[in-house]
Amino acid sequence: MAKKDYYELLGVDRDADQKEIKRAYRKLAKEYHPDTNQEKDTSEKFKEISEAYEILSDPDKRARYDQYGHSGINDQDFNFDDFAQGGFGGLDDLFNMFGFGGGGRRRSGPRRGADLQYRLEISFEEAAFGGKKEIRIPREEECDRCQGNGAEPGTDVKTCPECNGQGQVRSSQQTPFGQFTQSRVCPKCGGDGKIVEEACHKCNGSGKVRKQRKLTVNIPAGVDTGTRLRMSGEGQAGEKGGPAGDLYIVIDVQDHEIFDRKGDDVYCEVPISFVQATLGDKIKVPTLEGKVQFDIPEGTQPGTTFRLKNKGITHLNGYGRGDQYIKAKVMIPKDLDNKQKELLAEFADISGEEINPEHKSFLKKIKDAINI
Ligand SMILES: [Zn+2]
Ligand SMILES: [Zn+2]
């Protein structure tokens with residue numbers, strides 16, 4: 001099947017900036033997360049949008065995608081390929097269903113449990129500094145009543161008479177290309193080679209029960225929306241003694257009231273008066289670790305950006321941190337009283353500023369008023 005366009009998947013324009021892409025991804029991730037949406041194919045949809053976000057949020061991968069389409073993207077560019085779609089079955093079942101030629105794979109051996117995904121929403125600060133977060137995940141675990149074999153304790157488990165315990169049966173079929181011998185999963189025992197006389201009362205013979213599991217997630221400093229953390233062995237239980245799958249925590253960082261994040265740099269705007277901008281001042285500016293003093297230099301122009309080195313976000317899995325950028329937002333005063341207006345008008349006058357006729361008449365009006 002042809003892969004869908006990443007921009008269409010996220011519903012953004014091709015020239016969308018990182019912020020729009022992130023916003024679109026977060027909205028969709030919430031909507032299609034397998035835990036919040038019980039409809040059947042949301043897991044596949046979630047995988048698709050996560051993949052789209054992974055590529056489009058990385059300038060390098062995005063550039064390759066823009067130029068070459070899907071063929072510019074390698075499997076190494078994302079790690080979603082090994083994600084099972086939840087539940088059981090999947091590839092092994094497919095192999096069994098189409099197991100032509102007698103070499104079909106048996107289903108009765110141990111199988112690894114499916115991987116799970118969990119979307120974890122964290123605050124801006126938690127992403128910046130890391131922390132611990134407790135979560136509850138619903139997952140399949142081995143039934144403790146039957147130890148996973150599906151038989152009610154005390155009842156018999158017999159060898160399947162249909163396949164003599166082989167788990168598969170063969171049938172021959174005449175086709176225009178010759179005779180084919182087909183090997184397929186035994187329909188009586190479903191490939192187990194065993195027949196359970198009485199299904200376990202707790203799990204109805206599935207060998208698994210659904211449980212809420214409490215886990216503590218260690219969030220490293222520097223994670224961002226879309227970062228995945230793997231918790232080994234915390235996915236679904238394996239089958240027939242197979243290992244459990246893994247749990248992938250997909251991080252979703254909330255927006256901050258003041259700060260914007262670009263990579264590991266943090267941006268904010270600081271309002272200052274036009275007097276402060278003109279004369280300079282010592283002001284307090286917010287940082288991730290609280291307020292710090294900052295010297296606004298004399299003659300600061302609107303929109304000037306200052307850098308606070310190493311006040312950004314810690315690099316994920318590395319040393320050092322990003323910077324903080326402060327943008328001066330010069331506030332122009334409104335609703336001045338007459339005294340203030342008079343001073344400004346005088347200031348313009350002293351500066352020899354050519355002001356427009358309206359203002360001139362205004363200045364004259366004030367002078368007249370004062371002279372009365
Ligand atoms: Zn059971
Ligand atoms: Zn059988």
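## Overall features

Of the 372 residues in the chain, 39% are buried, where buried means under 20% relative accessible area, exposed over 50% and partly exposed in between, with a 1.4 Å probe and protein chains only. This is a predicted model, in which local features need pLDDT of at least 70, side-chain atom pairs count only at pLDDT 80 or more, and totals for chains, interfaces and linings use all residues. Residues are numbered from 1 along each chain as its sequence is written, chains are lettered from A and ligands numbered from 1 in the order in which they are written, and side-chain values use heavy atoms, leaving out hydrogens and water.

The chain contains 9 helices and 15 strands; these are DSSP runs numbered from the N terminus, helices being H or I of at least four residues and strands E of at least two.

Donors are N, O and S atoms within 2.8 Å of the metal (3.2 Å for Na, K and Ca); water is not among the atoms, so sites may look incomplete.

Cys143 sits in the loop between β2 (131–142) and β3, and Cys203 in the loop between β6 and β7 (208–219), so the pair ties together parts 60 residues apart in sequence. Cys143 and Cys203 are both buried.

## Zinc ion, ligand 2

The zinc ion (ligand 2) is coordinated by SG of Cys160, Cys163, Cys186 and Cys189 at 2.2 to 2.3 Å. Its site is tetrahedral, with angles of 101 to 114°, and the donor spacing is C-x2-C-x22-C-x2-C. Because Cys163 is in the loop between β3 (157–159) and β4 (168–175) and Cys189 in the loop between β5 (178–185) and β6 (194–196), the pair ties together parts 26 residues apart in sequence. Cys163 is buried at 5% relative accessibility, and Cys189 is buried at 9%.

## A four-stranded sheet

An open sheet of 4 strands has the order β10-β11-β15-β14 and mixed pairing; two strands pair if DSSP finds at least two bridges between them. β10 (260–262) and β14 (305–308) are at the edges with a single partner strand each, so one side of each has no neighbour in the sheet.

β10 and β11 (residues 265–273) run antiparallel and are joined by 3 bridges. Asp260 has Tyr267 in β11 as its bridge partner.

Methods
Four donors count as tetrahedral if all angles lie between 85 and 135 degrees; four count as square planar and six as octahedral if opposite donors are over 155 degrees apart and all others between 65 and 115; anything else is irregular.
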